[in-house]
Amino acid sequence: MGKEKSFFGVRDIFPLILVVSTAGSAVLDLLAGAGMFALIGLISILMIATITIVWKKWGQRIPALLFYVFLLFISISVYWSNRLDLYKVFFFHDIILHFLSGIIITLIAVNILPKHLENELKMREKIIFLLILSVAAAGFWEIIEFLTDFFFHADVQRNTSREWEIFYSEIQNPGIVDTMNDMINGSVGGIIGCIIFYFEEKRKKKTAQNRK
């Protein structure tokens, strides 16, 4: 009988580091009476673990580097940004996170697109699909933020605080401004991701032609 392949390998070291560091900090939060931070830490750990398991089983088409960047993004955006209050330390932190989310999601979607669709869809159709996906992902994340505020009485959508945003109006509810800015930033990131995809595909096509 052949030797069974171990489920844990070198590629799991980085996710393990993220889980251990988050778990250690979350335990300290719990001991200090910061139950909300501990809960967010637990959510971050579950997301990292779930994404890692899914990737190992079905997502091997996603490059390892892109996968690690995605995990790091999840860890920072879900837990560490709140734990270290980075949203207030850097006024542009939230803008950058949502902008990067659009790029990362678009590039991941390109790599997990089924082969038969990848071969059948024209470039224009692929870009339209990726743009729709990035906008939908931005909206889905805002739904998660809304539910977090609703059930846990947090202030993820900044309903009670007025902070600097790209588009801002004193007349509007700050929560609405935050939500729309996040969706716009995520969508713009998706557009950038599509541009990267377009030129990468052109490069691959040119390289393939030169080899003939």
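## Second largest pocket

In this predicted model, the second largest pocket holds about 310 Å³ of space. It is lined by 15 residues, and those closest to its centre are Val110, Asn111, Phe197, Glu201 and Lys204. Helix 5, helix 6 (115–120), helix 7 and helix 8 each give two or more residues to this lining. Helix 8 gives the most, with five residues. By residue class, the lining of the second largest pocket divides into seven nonpolar, one polar and seven charged.

## Largest pocket

The largest pocket has a volume of about 1,100 Å³. Its lining comprises 43 residues, of which Met47, Phe70, Ile74, Trp141 and Ile144 are the closest to the centre. At least two lining residues come from each of helix 2, helix 3, helix 5 (93–112), helix 7 (123–152) and helix 8 (174–211). Helix 7 supplies the largest share, ten residues. The lining of the largest pocket consists of 29 nonpolar, nine polar and five charged residues.

## Helix 1

Helix 1 spans residues 13–31 and reaches 27 Å from its first C-alpha to its last. Its buried residues are Pro15, Leu18, Thr22, Ser25, Ala26 and Asp29. These lie on the same side of helix 1 because they cover an arc of only 110° around the axis. Helix 2 (35–58) and helix 3 (64–83) are among the elements that cover them.

The face turned away from the buried side carries the exposed residues Ile17, Val20, Leu28 and Leu31. After helix 1 comes Gly33, with a positive phi near 85°.

## Helix 2

Helix 2 has 24 residues and reaches 34 Å, close to the 34 Å expected at 1.5 Å a residue. Ala38, Ile40, Gly41, Ser44, Ile45, Ile48, Thr52 and Trp55 are its buried residues, and they pack against helix 1 and helix 3.

Technical notes
Residues numbered from 1 in each chain as written. Predicted model: local features only at pLDDT ≥ 70, side-chain atom pairs only at ≥ 80, totals over all residues. Heavy atoms only, no water. Helix = DSSP H or I, 4+ residues; strand = E, 2+ residues; numbered from the N terminus. Expected span 1.5 Å × (residues − 1). Buried < 20%, exposed > 50% of the residue type's maximum accessible area, 1.4 Å probe, protein only. Arc of directions from axis to C-beta. Contact = heavy atoms within 4.5 Å. 1 Å grid on protein atoms, 1.4 Å probe; cavity = no way out; pocket = protein on both sides within 12 Å on 5 of 7 lines; lining within 4 Å. Points joined across faces, edges and corners; volume = space filled by probe spheres on them. Nonpolar A, V, L, I, M, F, W, Y, C, P; charged D, E, K, R; others polar.
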